[in-house]
Amino acid sequence: MKRVLLLGWMALALVSAGVAQARRNVTEKIEWTYTDRPEMPDSKLPNVLLVGDSITRAYYKATADSLSGKANVYYFAASTSVGDERLAPQLAEYFRMIKVRFDVVHFNNGMHGWGYTEDEYRRYFPELVAAVRTGAPGARLVWASTTPVRKDQQDGATNARIDARNAIALEQIKKDGIPVDDQHALMMRHQDLHSDDVHFTTEGSAIQGTQVAESVLKVLPKKTSVQ
């Protein structure tokens, strides 16, 4: 089933591009996918999904706490990145299995995939947006900018590349009219709260989660139908 989903997505991507382009496949030594959901979601509340990577995993709890009583908060986080042909099928499989109608999807997928060029990032970023729209039809979207690193990584994340990719993503986000949660600007003011060169302390993640919740509340429907 997963192979069928993968082949179907690849065919769709080629048709939408109009031409068949050779696609590189860059993997990491350790690959992972994590999800979480409320133990007892309230059917009277709207549903919010956070899509991202380990940064998202870290601010998930703070976001869920901030939205307690206002929304059911779920997350999907993976090491697969923009440019990786597995990301869209993984999201499709998640949506198929979770069977939840999401009212808001807050997404970012920026801290992996440094083996892909910025040209590839530009080419394949629309796939991420399309995968979210397809899996959560009717949901209001919020895009979060990728956070800065404390120290540039050799053959990995650097602040110059993060700036470049944020600018590339922002071009499409603006065209699509998707609101922005500027997590990059937020954490540039809190570089002292890094727990390592990439991730943040619990305090830093809490600051992020508060802003994530604020950005979600701006687009959260006042009422939603019971599932």
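Which residues line the second largest cavity? Ser 81, Val 82, Gly 83, Asp 84, Leu 87, Ala 88, Tyr 124, Glu 127 and Leu 128 form this lining. The structure is a predicted model, and it holds two cavities of 30 Å³ or more. This briefing describes each of them in turn.

**The second largest cavity**

- The volume of the second largest cavity is about 40 Å³.
- Helices α3 (87-98) and α4 (118-135) each supply at least two residues of its lining.
- Helix α4 gives the most to this lining, with three residues.
- By class, the lining of the second largest cavity comprises five nonpolar, two polar and two charged residues.

**The largest cavity**

- The largest cavity has a volume of about 70 Å³.
- Its lining consists of Asp 53, Ile 55, Thr 56, Tyr 59, Asn 108, Met 111, Ala 144, Ser 145, Thr 146, Thr 147, Gln 183 and Gln 208.
- Helix α2, which spans residues 54-66, provides the largest share of the lining of the largest cavity, namely three residues.
- Seven polar residues, four nonpolar residues and one charged residue make up the lining of the largest cavity.

**The two linings by class**

- In the largest cavity, the lining has seven polar and four nonpolar residues, whereas in the second largest cavity the lining has two polar and five nonpolar residues.
- One charged residue belongs to the lining of the largest cavity, while two charged residues belong to that of the second largest cavity.

Technical notes
Residues are numbered from 1 along each chain as its sequence is written. This is a predicted model: local features need pLDDT of at least 70, side-chain atom pairs count only at pLDDT 80 or more; totals for chains, interfaces and linings use all residues. Side-chain values use heavy atoms; hydrogens and water are left out. On a 1 Å grid over the protein atoms alone, a cavity is a set of points where a 1.4 Å probe fits but cannot get out, and a pocket is an open set with protein on both sides within 12 Å along at least five of seven lines; lining residues have an atom within 4 Å of a point. Grid points are joined across faces, edges and corners, and a volume is the space filled by probe spheres set on the points. Helices (H or I, at least four residues) and strands (E, at least two) are DSSP runs, numbered from the N terminus. Ala, Val, Leu, Ile, Met, Phe, Trp, Tyr, Cys and Pro count as nonpolar, Asp, Glu, Lys and Arg as charged, and the others, Gly among them, as polar.
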